[in-house]
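The entries follow the order in which I consulted the model.

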Amino acid sequence: MSDTLTNVKGGEFLIKDIAASEIFSLEELNEEQKMLRDSIKEFIDKEVVPNRERFEHKDYALTEEVMRKLGEMGVLGIAVPEEYGGLGMDFTTTMLACDMASGANGSVATAYGAHTGIGTLPILLYGTEEQKKKYLPDLAQGTKFGAYCLTEPDAGSDANSGKTKARLSEDGKHYIINGQKMWISNAGFADTFTFFAKIDDDKNITGFVINRSELENPESMTFGEEEHKLGIRSSSTRQVFFNDMKVPVENLLGERNNGFKIALNALNVGRIKLAAANLDGQRRITSLAINYANERKQFGVAISTFGAIRKKIAEMATGIFVSEAGSYRAAKDVQDKIDELVAGGMNHQQAELKGVEEFAVECSILKVFVSDLTQHTADEGIQIYGGMGFSEDAPMEAAWRDSRIARIYEGTNEINRLLAVGMLIKKAMKGELDLLKPAMAIGKELMGIPSFEVPDYSAYMSEEKAIIHNLKKVFLMVSGAALQKYMMDIEKQQHLLLNASEILNQIYMAESAVLRAEKHFAPDSVEAAMAQLNLYKAVEKIIAAAKEGIVSFAEGDEQRMMLSGLRRFTKYTNTPNVVALTEKIAKHFVDKGSY
């Protein structure tokens, strides 16, 4: 693998080493972004946090009221250009807004994400000028709310298999829509619906947009009852039925047969935004748990003095630091790509599409890693609260229930794990990413005699970066050998792809945390300790995933050589003191009283 990378491409982190100077993190927010962050947090603390019980009792009107107020603040229009009634801020700022608006309550997070993401972006990215002028101002200002109708009873992850049909009316002025959609967020109070249907016998779905209030026959769009859900109880979720619904032909979104691409690109944006939407939830859960542990006395002392509790707090805090590092790194990479494309003459609409598409692998990594971790954080929060954590009187059980849906939204985590590796392979096959040469070089390295020279790791984070460099070799070694064996049938080997995905996810997130710590924090800082603790645990997870893959598809000398390579590539020269790192982190946050 080559030296330092300057102009990053999607997925290229696997074959090139990234300099700390090339990544962006929360420490680099400008004054405008900090003001936005603080104003949204103040609003959420005032309007959402005190009303937890109302949200848990299915107060849909309260969710709608909060959304209207966010619209009045301009928070719903962060990503919408000024000419369409929004604030026209950059991609990183839209991530920040999503982060801060989504952390205190899952119902608000879902309404916000569905509206600003999949409810607005398809129109912004694929709409005609007339469509954007008609629909976006109301969506940006919260005078109308958006919903996105893709899923059907028999079409979930396989979105293109939907059965909703569209046929052209005899006068050629309307499409007549029949079918049903399910799990539609915001359906109960939305007016602007983006939906997908197959025209006649088309192979692929096509996108449409309509304001419910403008239908010739209001009864041609009907709704099921509110769904009774495990969590996000004040998020409106209904089935939507189309019964000979007349939609003007000019309401077709994008191009005919292109709906699947619209859906995929909207979901790419949704995935990285979903990672952002989980960040403040992690912070709030961890802060509540720390506060409770400091106040709860057992055997005459606060339970925050017990090593078992301190270990949980340290790992929860570390997870936040890592999640933030990966999310904001990727957000800025997307923005940099958008800026590059615009500078090259591409219009902003197309540039944003291409910018997010370029980093689709990273979007899937973040969606999986952060949503998995948020659920675990909530689970540990319940554990720290003990029996009280299981009670509806405490905030943890609602946090646990609300966080569960994030592993299903925007494509299940299993689908996203498979997608990330699959997209990497496709990039390689198209010649967009050269994985073959580095994989072949690693094969030769394994045949050679390893160096027994002890490296000089006196520079800050030098050993951590060397380990990450070698972890990338693990991914290339395992995935390269598996691809060579199975070739085009690799997509059928889902067990192996899941192992490869775990390695991929851990590498990206561990590297993000190490580079964030190197760039912004001193060697003796708690942030450095969090990056080091996370890397140690990432190495252990990578060893387990890689070993499972190797023993499953390789035999004989090949297996022995790869297992030997795995040991070589995951070996520390100076193994960290994990207990000391954990205690350092725990002490910092217990003393602080929050994250």
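The entries below concern salt bridges and a patch of surface charge.

Entry on the model. I note that the model is predicted. I looked up the total of salt bridges and recorded 44.

Entry on D45 and K41. I found their side chains joined in a salt bridge, at 2.8 Å from N to O. Both residues lie in helix α1 (residues 31–47), 4 residues apart, so about one helical turn separates them. I recorded D45 as partly exposed, at 29% relative accessibility, and K41 as partly exposed, at 36%.

Entry on E56 and R401. I looked up this salt bridge and read 2.5 Å, N to O. Because E56 belongs to helix α2 (residues 52–56) and R401 to helix α12 (residues 396–404), the pair ties together parts 345 residues apart in sequence. E56 is buried, with 12% relative accessibility; R401 is buried as well, with 8%.

Entry on K246 and E216. I found a salt bridge of 3.2 Å, N to O, between these side chains. K246 is in strand β9 (residues 237–248) and E216 in the loop between β7 (206–211) and β8 (221–223), so the pair links parts 30 residues apart in sequence. I noted K246 as partly exposed at 33% relative accessibility and E216 as exposed at 56%.

Entry on the network. I traced shared partners and found one network of salt bridges that includes K41, D45, D280 and R516.

Entry on the surface. I located a patch of positive charge formed by K261, K354, K426 and K430. K261 sits in helix α8 (residues 259–295) and is partly exposed, with a relative accessible area of 41%.

Note on methods
Residues numbered from 1 in each chain as written. Predicted model: local features only at pLDDT ≥ 70, side-chain atom pairs only at ≥ 80, totals over all residues. Heavy atoms only, no water. Patch = residues over 30% accessible without salt bridge, like charges linked within 9 Å, V, L, I, M, F, W, Y side chains within 5 Å. Areas by Shrake-Rupley, 256 points an atom, 1.4 Å probe, with all protein chains shown as cover. Salt bridge = Lys/Arg side-chain N within 4 Å of Asp/Glu carboxyl O. Lys, Arg positive; Asp, Glu negative; His and termini not counted. Charge placed at Lys NZ, Arg CZ, Asp CG, Glu CD. Helix = DSSP H or I, 4+ residues; strand = E, 2+ residues; numbered from the N terminus. Buried < 20%, exposed > 50% of the residue type's maximum accessible area, 1.4 Å probe, protein only.
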